[in-house]
There are 2 protein chains.
Amino acid sequence: MLGADASSRLEACGLAPRDAAIVVHHLAQADAAGKHGHGLGRIPWLEGLLGTAVDPAGQPERLERTEGFERWHGRGALGYLTLDAVCESLLADPPAHARLVVCEACFPTGVLGAWARRLAGAGLVAVVTATSPRRLPHPSGGAPLTGTNPIAIAVPSSDGRPFVADVSMGAVTHGDVLSGAAVPEDLVPFGGAQAHKAFALAAGVELLVGALAGPAHSAVVVAARPEHDPVPAFRALASGRRLPGDA
Amino acid sequence: MLGADASSRLEACGLAPRDAAIVVHHLAQADAAGKHGHGLGRIPWLEGLLGTAVDPAGQPERLERTEGFERWHGRGALGYLTLDAVCESLLADPPAHARLVVCEACFPTGVLGAWARRLAGAGLVAVVTATSPRRLPHPSGGAPLTGTNPIAIAVPSSDGRPFVADVSMGAVTHGDVLSGAAVPEDLVPFGGAQAHKAFALAAGVELLVGALAGPAHSAVVVAARPEHDPVPAFRALASGRRLPGDA
């Protein structure tokens, strides 16, 4: 699908052109990074959401702001729009030291590493995490208890190449299951015999985000100003081995 | 080893009785939780540190404090003492919303989940992470690039049983290697075929903490006031399955 077609289809669902452009930019960027499960192929799914769970006219609202804390509510908007607005807000007025941002009712969030990368590209250390529909069971079995609940960590670098880790706690993605590349039984915490570790992190994110933002799928961002520049030395130590987030 | 013997030995190295008591309490608590690699068996190793890399008279110093941010320096003290002081500071004057605490030169840190649990026991959501000696190589091999870099997440609960995840990124612990329970080649990022995920998190912690605190082994704590109480419902959904941090 071409970006222009995608924009037209989202606008036909009632999304303002500016908002459609934000969403399409995020999806196209995911495709370019090879993350097709978060790419333009999501348009039909988003068309379904825009008629039901999501308000095409919804605009995220910043409810509270101090130097160290912001609270946002998605107000029915697509989560991409909330995270875009949060990044804009952080970059327009970055923290002197650190700020935690709670984004209540923020779904879908797309590629968390892309939001973290944007903050790191502008000089901030960033952690982004989010809850999503429950898909991962306890390692001993049973019903799904947590979302795939990724953790993204991005760190700026004076060499112009930020470090970006973006780790889902699932052994496969929900997109893999939808596309037939994996079966539903594969959608468990990653780690095989040590899946209890990925489950612990998935449950930790579930409850951390839940405690701060509530039961709706939500996101939490931490942005901080770095005092040091460890990435170039780390790249040198890695002697050319590929690091997370490298092209 | 008995706690009293451990205290005497630490005091013989020059540690003040109050500081020795803090360290011994942490080690004994680790033993009680079955984490013997962080328990009283560490005393001989600590005796070695106290004569060399660690100043027995060192006292952590809070360099900066705002509502949303604190910066500490270990000033040569054992990391346990810095994290103890940081917990005391957070609990004496908790954030209205959220605070990020950078703890520069903070080693050893012991069981990160124990510090997070202490904050959660007093009603704060807590994330604690730290760097430590490089032990984990890239999944494709080579020299060690990161510490085992655990992430601990604790969430208070109205049922009096906080949730506490505490996940090291290593497939085994350094203690397992020292005790002969594992061979050095086992000390790699966990996850087997998906070890790249644990490596990405380990490298993310390495660089996040490094960017905020610098090249010495250091810790970062995020503490926030919860607005919701998701743990009891999560326990119910888990239908009695053991959750991270449960006894």
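How many of the 10 residues of H5(B) are buried? The count is 9 of the 10, so H5(B) is largely enclosed by the rest of the structure. A residue is buried if 20 or more other C-beta atoms lie within 10 Å of its own, exposed if 12 or fewer, and partly exposed in between, with C-beta atoms placed from the backbone.

The structure is a predicted model, in which local features need pLDDT of at least 70 and side-chain atom pairs count only at pLDDT 80 or more, while totals for chains, interfaces and linings use all residues. Residues are numbered from 1 along each chain as its sequence is written, and chains are lettered from A and ligands numbered from 1 in the order in which they are written. Helices (H or I, at least four residues) and strands (E, at least two) are DSSP runs, numbered from the N terminus.

The buried residues of H5(B) include Leu112(B), Trp115(B), Arg118(B) and Leu119(B). What do the buried residues of H5(B) pack against? Their partners in chain B are H2, H4, and the strands S4 (125-130), S7 (151-155), S8 (163-167) and S9 (219-224). After H5(B) comes Gly123(B), with a positive phi near 100°.

Two packed helices are described by the angle between their axes and the distance between the axes. Here axes are lines fitted to C-alpha atoms, for helices over the stretch in contact, and angles run from 0 to 180 degrees between N-to-C directions. Angles under 35 degrees count as roughly parallel, over 145 as roughly antiparallel, 65 to 115 as roughly perpendicular and the rest as oblique.

Take H4 (residues 79-92) and H5 (residues 112-121) of chain B: their axes come within 10 Å and cross at roughly 15°. That makes H4(B) roughly parallel to H5(B). On the H4(B) side, Leu83(B), Cys87(B) and Leu90(B) meet Trp115(B), Arg118(B) and Leu119(B) of H5(B). Two residues are in contact if their C-beta atoms, placed from the backbone, lie within 7 Å. By class, this contact has 5 nonpolar, no polar and 1 charged residues. Ala, Val, Leu, Ile, Met, Phe, Trp, Tyr, Cys and Pro count as nonpolar, Asp, Glu, Lys and Arg as charged, and the others, Gly among them, as polar.

H4(B) also packs with helix H2 (residues 17-32) of chain B, at an angle of about 90° and with the axes 9 Å apart. H2(B) and H4(B) are therefore roughly perpendicular to each other. Asp19(B), Ile22(B), Val23(B) and His26(B) in H2(B) meet Tyr80(B), Leu81(B) and Asp84(B) in H4(B). The classes in this contact are 4 nonpolar, 1 polar and 2 charged residues.

Another helix of chain B is H7 (residues 195-213). Of its 19 residues, 18 are buried, so H7(B) is largely enclosed by the rest of the structure. Gly214(B) follows H7(B) and has a positive phi, near 100°.

Next, the two chains together. In all, 51 residues of chain A are in contact with 51 residues of chain B. Which element gives the most to the side of chain A that touches chain B? H7(A) does, with 11 residues. The residues of that side divide into 31 nonpolar, 14 polar and 6 charged.

Finally, one residue of chain A: Ser89(A) lies in helix H4 (residues 79-92) of chain A. Ser89(A) counts as partly exposed because it has 18 C-beta neighbours inside 10 Å. Not counting residues up to four places away in sequence, Ser89(A) touches Arg62(A) and Glu70(A).

Definitions and conventions
Expected span 1.5 Å × (residues − 1).
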